Amino acid sequence: MSPTRREVLSQLAALALLPVPEWARSGQDPLDGTIADYQGGRRRRAWTAAEVTARALERCHAEGMRWHAIDEFSPTVLADARAADARIRAGQVRGPLDGVPVFAKAIYDMSGLPTTGSSAEWARLFPNPVLRSALEVARLRAAGAIVLGKSAADDFAYRGNGTSSHTGQVLNPHDPTGSRTPGGSSAGSSVAVADGMAFAALGTDDGGSNRIPAQFTGIVGMKPTFGLVPRTGVIPTWPYLDTHGPVARTVADAALLLAVIAGADASDPLALHETVPLRHLSFRDDSLAGVTLGLVEAHVPRSQMTSEAVEMWDRAVADLRAAGATVETFEPPVTLQNYKDLFAAAARDRGDAAPDPKAPAPTANALYRYFARRSDNPREAVRRGYPAYRAFYDVLPVSFEECEPLLQQPLTEDRAGQSFARSRQDVVKSLKQAMRDAGVAAMVYPTMPFNAPRAVDDWPDIRTPLGYGNWLGLPEVSVPAGTGRDGMPALNLSVVGLPGDDARVLTFAHGYERQSRRFVPPPRG
């Protein structure tokens, strides 16, 4: 299991030598607050990045390991924090994330650490540290962020339960029984954020992997517009669906992380060529005043929801209205019930190939491209890891030899993938027109209609709108809507826009968050 006992003891020994700061003795802990408050304290010299980073590591070693949320620790974090403190003293701060403790996810490359993929077998096959960081990690470090290490996930980010063969089942810190799932696959990232081990974290989402754990751990999770964040240097999933974004305790903190990792880069052939800068996004508490939101009742399965979930949802809608929004029932032409049929129909109307976002060739090529960046012999690296990876991504051919012809077939030239991308454009066009005709600025509905089940149990047989957002490539911000009588996060509200509307949905989500104030940290002790 990683990190090793020697690494843990070495880091704990270094922490033991640090003096206990006054703010820690008083019970005031900046790790429980916002990035803005933390940076304000640094400017006032109430605390330093080195002190708070040391405190973050203490929490990680204690609570993070207890929840099985940590995959790897970076050995340079304390030095990185001291460098951030030197920059603030010199007046050379790199931006709002300079000196801020964050996490990456186990499938991200991070220079100086092996990439385990949260898989015990992958960790055994590829034990050596990588030399180059994923583009998002590099962008975070260039912005001065303190990347504490990597968080645990489902193996290869494949499922949504937080089940890792490398670290064990990630646990939900809200659950005193230790049996409820935190969701996944960005399980460790979400637990680390909810429990105050970091202010924000990187996650990935190709079917709900940021939004599921956001709801189950009661934090903010975002799936940006497809292609807004280049995915270079990350073990691939489904190239035509996979979308990378932040998890955080507040919408504003999620936006700060997204602003750094977003932006065009030619290394990801499916990334957007032009993006709207998010670095100067400003939030107002009255951002919902005069805004018309469309409530998609087709995504609110009231008859299948518990009475408590329905109560939470109705309260969330009331909070939107209290924040100044007009909330009207909206019946879009594309819903979770028909979106796949509409994609197929659009392809037939074009005389196109059947659309398939999970066709084997793009995933094979994405895996080859991933290893080409970190290996002198990517073909051999794919061969070595193929059985472990294919055990999850089983649309790939059974044997490496059968898959080999697909490795260098450009993922942008796959006919099923191309057809899927064209159908996405067609279907989104109809949604855009319907929203414009109805005067709807964004859609709202529950992120999921149920809360966290036990990790060992099947999930309720209720369709969710998670895949809907990935297929259409829509930006979506999931915000806590309340805690249930059992003390568990009960529901999140999703604010969903059209592709490119990331700034807009963030500002709307912020307006809801400021009115509702439903985040509740997990108990400690």
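Residues are numbered from 1 along each chain as its sequence is written, and side-chain values use heavy atoms, with hydrogens and water left out. Because the model is predicted, local features need pLDDT of at least 70 and side-chain atom pairs count only at pLDDT 80 or more, whereas totals for chains, interfaces and linings use all residues.

Empty space was examined first. Rolling a probe the size of a water molecule over the atoms shows where empty space is left. On a 1 Å grid over the protein atoms alone, a cavity is a set of points where a 1.4 Å probe fits but cannot get out, while a pocket is an open set with protein on both sides within 12 Å along at least five of seven lines, and lining residues have an atom within 4 Å of a point. Grid points are joined across faces, edges and corners, and a volume is the space filled by probe spheres set on the points. Helices (H or I, at least four residues) and strands (E, at least two) are DSSP runs, numbered from the N terminus.

The largest pocket has a volume of about 700 Å³. Its lining comprises 26 residues, of which Asp 206, Gly 207, Gly 208, Ile 212 and Lys 358 are the closest to its centre. Helix H12 (339–350) and helix H17 (466–472) are the elements that give two or more residues to this lining, and H17 gives the most, with four residues. By class, the lining of the largest pocket divides into 13 nonpolar, eight polar and five charged residues, where Ala, Val, Leu, Ile, Met, Phe, Trp, Tyr, Cys and Pro count as nonpolar, Asp, Glu, Lys and Arg as charged, and the others, Gly among them, as polar.

The second largest pocket holds about 430 Å³ of space. Among the 16 residues that line it, the closest to its centre are Phe 226, Leu 270, Leu 272, Arg 424 and Gln 425. Helix H16 (residues 415–438) gives the most to this lining, with five residues, and the lining as a whole has 10 nonpolar, four polar and two charged residues. Two of the residues closest to the centre of this pocket, Phe 226 and Arg 424, also meet in a charge–ring contact, in which Arg 424 lies over the face of Phe 226 at 4.4 Å from the ring centre. A charge sits over a ring if NZ of Lys or CZ of Arg is within 6 Å of the ring centre and within 35 degrees of the ring normal. Elsewhere, the charged end of Arg 66 sits over the ring of Trp 67, 5.0 Å from its centre.

Tyr 393 counts as buried, at 0% relative accessibility. One aromatic cluster includes Phe 156, Tyr 389 and Tyr 393, together with residues such as Trp 122 and Trp 238.

Most residues other than glycine have a negative phi, and most peptide bonds are trans. The peptide bond from Gly 184 to Ser 185 is cis, with omega near 10 degrees, and Ser 185 lies in the loop between strand S5 (168–169) and helix H8 (187–194). His 68, in the loop between helix H4 (49–66) and strand S1 (70–73), has a positive phi near 60 degrees and counts as partly exposed at 29% relative accessibility. Arg 517, found in the segment after helix H18 (502–516), has a positive phi of about 50 degrees and is exposed, with a relative accessible area of 53%.

Notes
Buried means under 20% relative accessible area, exposed over 50%, partly exposed in between (1.4 Å probe, protein chains only). Rings of Phe, Tyr and Trp (its six-membered ring) pair if their centres lie within 6.5 Å; planes under 30 degrees apart count as stacked, over 60 as edge-to-face and the rest as tilted.
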